[in-house]
Amino acid sequence: MKILITGSNGMLAKSVREKLKDNELICTDVEELDITNEEAVLKFVDELKPEYIINCAAYTAVDKAEEAGEIVEKINGDGPGNLAKAAKKADATLIHISTDYVFNGDLSIEESYKEDDKPGPVTVYGKTKLDGENNVKANTDKYYIFRTAWLYGDGNNFVRTMLKLGEARDSLNVVADQHGSPTYAEDLAEIIKKAIEKKIPYGIYHSTNEGFTTWYDFTKAIFEYSGIICKVNPVTTEEYIELMKITQAKRPHNSQLSKEKLKTVGITVPDWEDALKRYLIKEGKM
Ligand SMILES: NC(=O)c1ccc[n+]([C@@H]2O[C@H](COP(=O)([O-])OP(=O)(O)OC[C@H]3O[C@@H](n4cnc5c(N)ncnc54)[C@H](OP(=O)(O)O)[C@@H]3O)[C@@H](O)[C@H]2O)c1
């Protein structure tokens with residue numbers, strides 16, 4: 001199968017490339033195909049005629065996005081629309097990745113978001129990612145949107161940062177009032193692979209690892225599994241911002257995504273603890 005992967009040097013893209021390596025992959029970074037360039041995207045897809053386009057390209061720096069100006073909308077909003085137009089013209093299926101940040105994150109902890117819950121992004125990143133979803137839906141019917149969260153894999157991510165800090169320090173303050181589902185990029189890549197194999201119905205699917213935690217408990221698990229001795233102090237988001245003297249885009253209090261819809265199409269996802277252990281083993285830390 002011929003598959004185009006955009007943003008192909010990103011963290012998720014690396015896992016997707018590995019997972020789908022038995023296919024004819026066309027991997028493009030921003031130099032080879034800038035998804036904001038509509039004309040280039042249409043021409044590229046028209047010439048190559050892939051059966052699937054997997055869009056791993058995005059502007060992912062959540063805090064910087066608040067001040068970065070129109071480039072964020074171009075990449076996260078317009079880019080997916082360009083790919084959707086090109087996919088429709090070439091009769092390809094577009095696989096697009098979105099985020100829990102399309103919701104405001106104000107749910108109570110017992111609840112999780114379903115695919116058709118009303119979005120309400122409160123950050124520039126979240127708003128532009130929602131625009132991207134809407135531009136996909138407006139321009140093609142043959143799409144999958146996989147919303148994920150707290151992603152880690154082969155790239156800069158929370159787990160690698162905590163491993164480095166935990167090895168260097170005796171104690172760390174970590175936010176304990178934000179709830180979500182850490183997601184191993186390999187497990188999201190597996191969901192994408194299964195969606196293609198099973199030809200699941202088009203639409204939006206919430207796609208994180210199962211279970212949920214806080215950054216604080218996630219950090220404790222990282223240290224426990226990797227044998228790092230470092231005291232972890234729970235702090236609130238407000239205390240963290242105060243202690244670190246930083247400004248931050250608003251973070252969701254609870255952004256758990258329900259995986260019920262994914263289960264109805266026969267795809268189950270491993271628990272986040274299991275995923276974390278596999279990742280630490282792969283990183284040589286366990
Ligand atoms: N990371 C998370 O925690 C997280 C959470 C929820 C959802 N997501 C979503 O998951 C997806 C993958 O995220 P990730 O963490 O793997 O992202 P990433 O590592 O930041 O990779 C994004 C890639 O997109 C490329 N890119 C940027 N602008 C481009 C353009 N105009 N045309 C083509 N490529 C461009 C980047 O290239 P350069 O580096 O050269 O700019 C980079 O290689 C994204 O849609 C993201 O919104 C991520």
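Predicted model: local features only at pLDDT ≥ 70, side-chain atom pairs only at ≥ 80, totals over all residues.
Local features need pLDDT of at least 70, side-chain atom pairs count only at pLDDT 80 or more, and totals for chains, interfaces and linings use all residues. Residues are numbered from 1 along each chain as its sequence is written.

View A. Nonpolar covers Ala, Val, Leu, Ile, Met, Phe, Trp, Tyr, Cys and Pro; charged covers Asp, Glu, Lys and Arg; the others, Gly among them, are polar. Helices (H or I, at least four residues) and strands (E, at least two) are DSSP runs, numbered from the N terminus.

**View B. The contact of helix 8 with helix 11.** Helix 8 (residues 215-226) packs against helix 11 (residues 272-282) at about 45°, with axes 10 Å apart. Ala 221, Ile 222, Tyr 225 and Ser 226 of helix 8 meet Glu 273, Leu 276, Lys 277 and Leu 280 of helix 11. Contact requires C-beta atoms, placed from the backbone, within 7 Å. The contact has 5 nonpolar, 1 polar and 2 charged residues.

**View C. The surroundings of Leu 20.** Leu 20 lies in the loop between helix 1 and strand 2 (24-28). Beyond neighbours within four places in sequence, Leu 20 contacts Ile 3, Leu 25 and Lys 193. Leu 20 and Ala 189 are 169 residues apart in sequence, yet 8.4 Å apart in space, C-alpha to C-alpha.

Notes
Axes fitted to C-alpha atoms, helices over the stretch in contact; angles between N-to-C directions. Contact = placed C-beta atoms within 7 Å.
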